[in-house]
Amino acid sequence: MDKNQTPETPEQEEEYTGILGDYQESAEPEETPEVPAEPLSDSAEKTKKNSALKIAGIAVASAAILGCLGFLGVKVWNNPDRTAETSSQSEVSASEENSSASDAAASLPANPDAAVYSENGEISKNLMECFYHDYLNQVASALTYYGLDAETSNLKEEKLPEDAGEDMTWFEYIMAQAKASASQLLVFQEAANEAGYTMTDEDKQSVEEQLAAADLTTYGQNATEEDVRTMIEMQTLASSYFNYILENMEFTDADLETYYQANKNKFDTCGLMGFSIAYEVPDETAETETETESGTPALTEEQAKEFADNLMKASSPEDFEQQVYDILINYEDYTEDELTDLHSSISNDSFSYTDGFEVSDWAFGGTAKVGDTYLMEKEGYYSVYLLTKEAGLDNTSTVNVRHILFSTSNHMDSDSEEESQSEDETQAETTAEEAEAAEAAALETCWTYARNALSEWEKGDKTEDSFAELANQYSEDPGSNTNGGLYEKVYPGQMVQAFNDWCFDASRKPGDTGLVETSYGVHVMYFSGTADPLWKDTARNALQSDGIDSWYDEQEAKYPVAVNDDIINSIE
């Protein structure tokens, strides 16, 4: 298993795009929201198929750098759980925010020795250079994509690409991020100092670990260890105080219900099945008949309409699905085996409202009933939808669960592979039979380790704490082997199937244990208990987001920060 892959990650469905429709996890619509099968793609994968994602006004083709860039003018929270998109000021332009900050800082006395400063804190030129290079390191892959080099290119001369929507150099762009971060950290520092809040022992240990892992040469030619330590300490204090403020925000069930009633479209879901039938728009200049990938002629509009009309008469979800399968078998020569994994591609039990999508208006309008169908007609295709569950709030509880994973990929016998290598290059690769045998042996090893771990726990005091200790000791899941194997607020469908089925067994009760085999290996399971429905956690997070924004706005007004651009612009 890849070290960054965790057992809660669902296995991705195979993609299929053909003349009869688009069944894959399609991208969320941008300019034209009404696209085939859109309501069935309601997941975090929506953006993966976009050809160009605009982050910070820059068209970025590499998904690896999405987390490195933030919109100019948006608060750049230094807490790892905070994203720029949650800020209530996401619509504030860079020029408006800078103007507001300048007005607030006008009352501060001049400080010609500091690059950025507040009433009781300051950031020197060398320290500001660390902040600049910290952001420069984060966008290095973006620079590479645009043919630039973080170390050798003159970023004070190189302009952002035309599609960025900002007339500035890369230096100005990166420094804007660094100034926003430095200013914010000073505000947090001022607020924490007044409240008497200091770093915890865990925070101090984190600082030392980060500093030990830091490469000082990547923070600019003038950076010292003390400068980097100061930057890390400021970031850690801000993050710690940020979490402290969040954790002390309390909301009642009435608060959550009020938020839900005001934002129902963000929470309500419905059950929907959908299938898009594409047809060939006549091209009078074409000399040959268009064929599908399977070699059959492309559908005419009349044929597509006939298929759609029949689907509109589906008497049940099973009938709808069978008609779809019949079309695929009879028209595109699909086999029964090839249809096995298509159910989740045409059916979604938790479809969320999509603004501007006509099917959403139908499904969530209050008049559609289970069994009703809807036909969407656009040039080139007909899409048919069947309502399988009326729109409403999903009150399914989430669960808290711990596990210890023994990963098959960690227990493959590499020695056996080496021994199987032949001097003859044609026999150098391990045969399929040998690979299967090695995988089976690794799985058996994982089962042995899992049984032993469960037995060890049962011979002890059999508490959740003792299970957590074993998880930290034995688990090979990098996503949870430092927090006692804990996954909190797990919702149905989040985990791989066998893991999910064990967690949401109707008979499951706190303290239950068990062994589960998945594609990752063997899991020793411990059921901690149920938690709030997912919608409550979502509403609470939204209220916290609004609350922290309001709190920060107050602190920002209370502790103005000034920027010395002469010093800033002299940084290399």
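## A guided reading of a predicted chain

Serine 206 is placed in helix H5; helices (H or I, at least four residues) and strands (E, at least two) are DSSP runs, numbered from the N terminus. With a relative accessibility of 26%, serine 206 counts as partly exposed. Between serine 206 and isoleucine 232, which stand 26 residues apart along the chain, the C-alpha atoms are separated by 9.2 Å.

The model is predicted, and local features need pLDDT of at least 70, side-chain atom pairs count only at pLDDT 80 or more, and totals for chains, interfaces and linings use all residues. Residues are numbered from 1 along each chain as its sequence is written, while side-chain values use heavy atoms, with hydrogens and water left out.

The chain as a whole may be considered next. Its secondary structure comes to 18 helices and 15 strands. Of the 572 residues in the chain, 44% are buried. The accessible surface comes to about 29700 Å², and carbon and sulfur atoms hold 44% of this surface. Accessible areas come from the Shrake-Rupley method with a 1.4 Å probe; for residues, only the protein chains shown count as cover. Among contacts with a separation of 6 or more, 69% are between residues 24 or more positions apart, where contact means heavy atoms within 4.5 Å.

How many salt bridges does the chain contain? The count comes to 15 salt bridges, a salt bridge being a side-chain nitrogen of Lys or Arg within 4 Å of a carboxyl oxygen of Asp or Glu. One of them joins the side chains of lysine 558 and glutamate 194, with an N to O distance of 2.8 Å. This pair links distant parts of the chain, since lysine 558 belongs to helix H17 (residues 534-558) and glutamate 194 to helix H4, 364 residues apart. Lysine 558 counts as partly exposed because its relative accessibility is 46%, whereas glutamate 194, at 52%, counts as exposed.

Aspartate 537 is buried because its relative accessible area is 14%, while lysine 489 is partly exposed at 35%. Salt bridges that share partners also join Asp505, Arg508, Lys509 and Asp512 into one network.

Lysine 536 is likewise placed in helix H17. Lysine 536 counts as buried, with a relative accessibility of 16%. Neighbours within four places in sequence aside, lysine 536 is in contact with Asp253 and Leu256.

Backbone angles deserve a separate remark. Most residues other than glycine have a negative phi. Lysine 489, by contrast, has a positive phi near 55°. Lysine 462 also has a positive phi, near 55°. The place of lysine 462 is the loop between helix H14 (432-459) and helix H15 (464-474), and lysine 462 is partly exposed at 48% relative accessibility.

Another loop, between helix H3 (140-145) and helix H4 (170-195), holds threonine 169. Is threonine 169 buried or exposed? Threonine 169 is buried, because its relative accessible area is 8%. Apart from residues up to four places away in sequence, threonine 169 touches Leu155, Lys156, Glu157, Glu158, Lys159 and Leu160.

Finally, Glu301, Glu302, Glu377 and Glu379 form a negative surface patch. Patches are made of residues with over 30% relative accessible area and no salt bridge; like charges are joined within 9 Å, and nonpolar side chains (Val, Leu, Ile, Met, Phe, Trp, Tyr) within 5 Å. Asp and Glu count as negative, Lys and Arg as positive, and His and the chain ends are not counted. The place of a charge is taken as NZ of Lys, CZ of Arg, CG of Asp or CD of Glu. Glutamate 301 is located in helix H9 (residues 301-312) and, at 35% relative accessibility, counts as partly exposed.

Key. Buried < 20%, exposed > 50% of the residue type's maximum accessible area, 1.4 Å probe, protein only.
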